[in-house]
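Here is a briefing on one protein structure, written for a reader new to the subject. Look at the sequence and the model first, then read the points below.

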Amino acid sequence: MTTAAVAPLSITRWISPARFAPYERAASGNVRHAVRLYDWNRELSGAVYELLHMFEVALRNAMDEQLCVWSAQQPRSHGMDLHSGAWLLDPAPLLNRLTRNGQDIHKARRRATASSQSWQPVRQVTHSDVLAQLSLGTWRYLLPNRDAGRQHLWDDALRHAFPNLGAPPRVLTAKVHDIHLLRNRVAHLEPLLRTQVVRARLTDVLTVLRAIDTVPEQWAAGHQRVSQVLKARPH
């Protein structure tokens, strides 16, 4: 049964007053219209999440490819040999520091271990397993800012992940930061009623993907539903 077949006042009982309040305000107090807006927001959240799926996969693979190359060139502290290209299993000191002293990697390894053991208990966790468990926030905090280490990593490795970047690196970092904020809103089921912000983030996603390559940009642009759902906002 959909909410269209449910009396608006009855469904609001299962939505907290605090959560429902923004929709009531946007609907000028009309509960029926507020429920329609709530349903629309749910659909928009789904469309944004689909877009973020395409974005995050392309972003992390582009960055990981360069980090693997960079890692394999980093000498160990004793200077006798080099780190592995599988940087998530053998992080160089700089990568360890930039991932919150390895906390992000450690959490991703634990999630990867739990996930792999649920399917194949005897299989060893691989670099790709851990990669899939890293959050978008990890990638955002590897991009350059005033931190000398992040700038060094950009100059030596990560700039090669964005060969089509037509702006200063700080612009890229800001865009990924803003996309990360939108991702958190969606993950926490927050309202997306400021549609101009969602439109801006759609543009940011396509801009960042274009900086990586036109293929993921066209892939996302051709499959995203965000524009369509935004146009269908109830009035």
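Exposed means over 50% relative accessible area, buried means under 20%, and partly exposed is in between (1.4 Å probe, protein chains only). Helices (H or I, at least four residues) and strands (E, at least two) are DSSP runs, numbered from the N terminus. The model is predicted: local features need pLDDT of at least 70, side-chain atom pairs count only at pLDDT 80 or more, and totals for chains, interfaces and linings use all residues. Residues are numbered from 1 along each chain as its sequence is written, and side-chain values use heavy atoms, with hydrogens and water left out.

**Helix α11**

- Helix α11 covers residues 214-223, and its buried residues are Pro 216, Glu 217 and Ala 220.
- Which helices do the buried residues of α11 pack against? They pack against α3 (31-71) and α10 (195-212), where contact means heavy atoms within 4.5 Å.
- At the start of α11, the backbone nitrogen of Val 215 has a side-chain oxygen of Asp 213 within 2.8 Å. A polar contact is a pair of N or O atoms within 3.5 Å; within protein, one must be able to donate a hydrogen and the other to accept it, and residues adjacent in sequence count only if both atoms are side-chain atoms.

**Helix α10**

- The end C-alpha atoms of α10 are 26 Å apart, which agrees with the 26 Å that its 18 residues should span at 1.5 Å a residue. The expected span of a helix is 1.5 Å times one less than its number of residues.
- The buried residues of α10 include Thr 195, Val 198, Leu 202, Val 205 and Leu 209.
- The buried residues of α10 pack against α3, α9, α11 and α12 (226-231).

**Salt bridges**

- The whole structure holds 11 salt bridges. A salt bridge is a side-chain nitrogen of Lys or Arg within 4 Å of a carboxyl oxygen of Asp or Glu.
- One of them joins the side chains of Asp 204 and Lys 175, at 3.0 Å from N to O. Asp 204 lies in helix α10 and Lys 175 in helix α9, so the pair ties together parts that are 29 residues apart in sequence.
- Asp 204 is buried, with a relative accessible area of 6%, whereas Lys 175 is partly exposed at 22%.
- Asp 204 and Lys 175 also belong to a network of salt bridges that links them with Asp 178 and Arg 201.
- Glu 217 forms a salt bridge with Arg 210, and the closest N and O atoms are 2.9 Å apart. Glu 217 is buried, with a relative accessible area of 15%, and Arg 210 is partly exposed, with 37%.
- Asp 81 and Arg 76 meet through their side chains in a salt bridge of 3.2 Å, N to O. Asp 81 is partly exposed at 37% relative accessibility, and Arg 76 is partly exposed at 25%.

**Aromatic rings**

- The whole structure has five aromatic pairs. Rings of Phe, Tyr and Trp (its six-membered ring) pair if their centres lie within 6.5 Å; planes under 30 degrees apart count as stacked, over 60 as edge-to-face and the rest as tilted.
- The rings of Trp 154 and Phe 162 are stacked, because their centres are 5.9 Å apart and their planes are at 25°. Trp 154 and Phe 162 are both buried.
- Phe 20, Tyr 23 and Tyr 38 are linked into a cluster by ring pairs.

**Loops with positive phi**

- Asn 101 is not a glycine, yet its phi is positive, at about 55°. Asn 101 lies in the loop between α4 (93-98) and α5 (103-119).
- Is Asn 101 buried or exposed? Asn 101 is exposed, with a relative accessible area of 59%.
- Leu 189 is not a glycine either, and has a positive phi of about 60°. Leu 189 is in the loop between α9 (169-187) and α10, and counts as exposed at 58% relative accessibility.
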